[in-house]
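Biologist: I want to know what stands behind the labels in this model. Can we go through them one by one?

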Amino acid sequence: MSEQQHRSTEPFKAQGFETRAIHAGYEPDPTTGAVIPPIYATSTYKQDGVGGLRGGYEYSRSANPTRTALEGALASLEEGERAFAFASGLAAEDTIVRALCRPGDHAVIPDDAYGGTFRLFDKVEQSWGLEHSPAAVSDVDAVRAAIRPGRTRLVWVETPTNPLLNIGDIEALAAVAHEAGALLVVDNTFASPYLQQPLTLGADVVVHSTTKYVGGHSDVVGGAVVVRDLETADAITFHQNAMGAVPGPFDSFLTHRGLKTLAVRMDRHCDNAELVVDFLSRHPSVEQVIYPGLEEHPGHAVASRQMKRFGGMVSFRVTGGEAQALAVCERAEVFTLAESLGGIESLIEHPGRMTHASVAGTDLEVPSDLVRLSVGIETADDLLADLDRALSGG
Ligand code: P1T
């Protein structure tokens, strides 16, 4: 397969975000006029003579038209050169590491990251020969100090982080990474491309768990990588095919279908999160509300500069310690007790025992009185009443 033939449709840079979310990456099918990309449930493609590929399609691990459409839309929304879809966020992360690092290299990772990301670096990439050092993404000097000159290949950040919603200054971190000859990778899962476009701020690679806001309906697991230059794109193209952690056509379809409504969903997630933050900030059982939209949040100024709004994720610490945090999670009803985030429905969870159980006992351990909310797009009053009931013990 010629890699050039699978360049995603040119990003429609001149058009607005919502227009690109709906149209970029796909032209109505020339034979049928299908307005929405069909689910190409095929593993292989007829060749017109050996090597005579139609549209460059050869085998669906290398490329599939349903996936190509999703990848084109993602490249456009992140303002990248190319995007690549994967079977999960972690598959996307692993592919970045294998494509851009070699055994003996080193990566700086967040000291507050999704537990599964830490586990990937600590238990999988390390045994392959990639060393890592955790550093606070909100502290540019700490990140600079964690760099090993000549060996650090990746500076990897989440912003906002999961679950403590710390903010990294993408422009400053890109400068630090580039000074050291490293690449800046930004996990943009919590913000989504609607709220923040790291490549426009100097990052080299964006990674997503598209399971979250991009897909947006908690009905599909997926990941994505978006890059700003062709050299990195070639390395990811090769590894996407060689490692093979690709999504099937139905998963690609679902993710793409979700992506089209990202802007309207994100605005409602943000509206509801702001109301939840206001409510929790006044509640006597709440010790601290963590949300980058709060002026007292240490990352507020940076978040205001680099994000359009502050997102739908809210974390809070309760006054009654772990027992109360667990009880609140269990009493909530409209907020469903479950891992994951970014879907239309509100979710509540206890990071210490659930999403971040894999960092227990490490430097990345999270406070045991912490509760994480993924604020959905239900009626706001129902969300506030549910939290009131859960916090008041009723
Ligand atoms: O679950 P998966 O699609 O493989 O994505 C992993 C991942 C990567 N990056 C961030 C910031 C994430 O939050 C995740 C997955 N997180 C959860 C499942 C969670 O509940 O936090």
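Modeller: Start with contact: it means heavy atoms within 4.5 Å. Keep in mind that the model is predicted. What covers the buried residues of helix 9 includes helix 1 (17–23), helix 2 (65–77) and helix 10 (262–281).

Biologist: Which residues of helix 9 are the buried ones?

Modeller: In helix 9 (residues 249–259) they are Ser252, Phe253, Leu254, Thr255, His256, Gly258 and Leu259.

Biologist: Why is His297 called buried?

Modeller: Buried means under 20% relative accessible area. His297 has 9%, so His297 is buried. The residue lies in the loop between strand 8 (286–290) and helix 11 (300–306).

Biologist: What does His297 touch, leaving out residues up to four places away in sequence?

Modeller: Leu165, Asn166, Ile167, Ile290, Tyr291 and Pro292.

Biologist: What makes the pair of His297 and Gly299 a polar contact?

Modeller: The cut-off is 3.5 Å between N or O atoms. A polar side-chain atom of His297 lies 2.8 Å from the backbone nitrogen of Gly299. That pair is within the limit.

Biologist: Which element gives the largest share of the shell around the ligand?

Modeller: Helix 3 (residues 89–100), with three residues.

Key:
Residues numbered from 1 in each chain as written. Predicted model: local features only at pLDDT ≥ 70, side-chain atom pairs only at ≥ 80, totals over all residues. Heavy atoms only, no water. Buried < 20%, exposed > 50% of the residue type's maximum accessible area, 1.4 Å probe, protein only. Helix = DSSP H or I, 4+ residues; strand = E, 2+ residues; numbered from the N terminus. Polar contact = N/O pair within 3.5 Å; in protein donor to acceptor, adjacent residues only side chain to side chain.
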